[in-house]
Amino acid sequence: MEKSVSKGCAELGSHLGIVKNTTVNNRMKYFLGRKFQLKSGSIIFSTIGVFFSGYSHASALEQSGQSILPFLEAGNYAEANAFAIDPSVSGVVHDRPDLVRPNQSRNTGDIGQDNQFYTAAFKLQLTDRFSFGLLYDQPFAAKTEYPVLPNNSYSDETSREGTSVNVKSQNLSFILGYSPIKNFQVYGGPVYQSVEGDVSFRGMAYTEAFNGYNAKFKEQGELGWLVGGSYQIPEIALKAAVTYRSKIKYDFQVDENIFGEPLQYTAPAKTKVETPQSVNIDFQTGIAEKTLAYMNLRWVNWKKFNIRPAQYDALTALYMDTLTGGAYKQGIDLDSYQKDQYSVTLGLGQQLTDRWSIASDIGWDSGSGHPASTLGPVNGFWSFGLGAQFNPAPNYFIAAGVKYFWLGDTKAEGGGYFLPIEGIKEFSEQAEFKNNHAIAYAIKFGYRF
């Protein structure tokens, strides 16, 4: 039998190699019905990593997908990724005098904003049993801005500004892995995360009381942790991993004002926010000659996420007390989500030559509640992605991909929809967002040393 690859063959996953061993070969023939015909130094599959990225408008603040896959690569490994997202999101405001001016177009205009983000990884195989990894990503983000329009639904003609939100985050995951037995590894470590953001409300949709409201969340860093386990059979390119990431608690200093005038409805207090816990399940395996199937499942606990700054809480409590005649005296969340996010990605990678491979995948995301906030009016998505990888030498590669998103239709609500108040649902619904989409682009560089 021709000598096959023992390392370097699967970087969208794992190695697609054959060991010169009768028992292993027979097992592979039984499992695949044929042998993998890959020679030493053949292409490294990596395109899978391009497609595991999330999308910032998909579910709540989801962006990077927090993949652990680079840490599971064999030997010493490093990679860098760049992503660009071009969304198109628009809606139609309900025909109500409190939401839109008479005889004006009810279109919201395109509120989606182009966005870029980056990830990187560095992994060292310290010994046969111990490994160390450092992963950088930007897990959560939001970037939305309503254009200034004559209908003044979500913009203000005096300030010439539209409702907007801009949230940024960064993650550093320090991971130590231990392999107690062959093919099995447990791993875990601390995670340092920082978050910052700005929110502005403009227009008739937020009433005179909240038009002009601004909140600036000053950047803050906190610690969390992750833990997981993986199992691999390199001979058949099988790799499976489960990773849990903890929630991370923040006490933000928030500057709140109305058109620049500081709000002082109550004593200053820090705002408690928790970025959500999550679970990633990754699986891949060879299914035919030079063909790899892969899957990612992800759960994010957005249902327990909410933001309610102190002054906004006091101001909305006063407003609700007046609106309901004293029946409801509590405040409203600046932003929150009603459901957890579930997402699935299924894909295939195919080696074409010793230097070229391609991959494609389909994806589904459940969204995080319907109706959705006016700050992110999307209810999940379906997606389809294509990618290619070029391997100039056995130890490094360049991969690129593009993914199209069919964004889920939803109604946008102003923050009070889910309150236990009779008639509040119809009052809170403000606009319909349908037939929206986004395109994401990615490029990846990987190096084995």
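1. Helices and strands here are DSSP runs, numbered from the N terminus: a helix is H or I with at least four residues, a strand is E with at least two. The loop between strand 13 (254-258) and strand 14 (261-262) holds Phe259. Phe259 is not a glycine, yet has a positive phi of about 50 degrees. Its relative accessible area is 41%, so Phe259 is partly exposed (buried means under 20% relative accessible area, exposed over 50%, partly exposed in between, with a 1.4 Å probe and protein chains only).

2. On sources: this is a predicted model, in which local features need pLDDT of at least 70, side-chain atom pairs count only at pLDDT 80 or more, and totals for chains, interfaces and linings use all residues. Residues are numbered from 1 along each chain as its sequence is written, and side-chain values use heavy atoms, with hydrogens and water left out.

3. Asn183, also not a glycine, has a positive phi of about 75 degrees. Asn183 sits in the loop between strand 8 (164-181) and strand 9 (184-200), and is partly exposed because its relative accessibility is 27%.

4. His370 and Pro371 are joined by a cis peptide bond, with omega about -5 degrees. Pro371 belongs to the loop between strand 21 (356-365) and strand 22 (372-373).

5. Is Leu419 buried or exposed? With a relative accessible area of 14%, Leu419 is buried, although it lies in the loop between strand 25 (410-413) and helix 5 (424-428). Not counting residues up to four places away in sequence, Leu419 touches Met320, Tyr328, Ile332 and Ile424 (contact means heavy atoms within 4.5 Å). Tyr328 is 91 residues from Leu419 along the chain, and their C-alpha atoms are separated by 9.1 Å.
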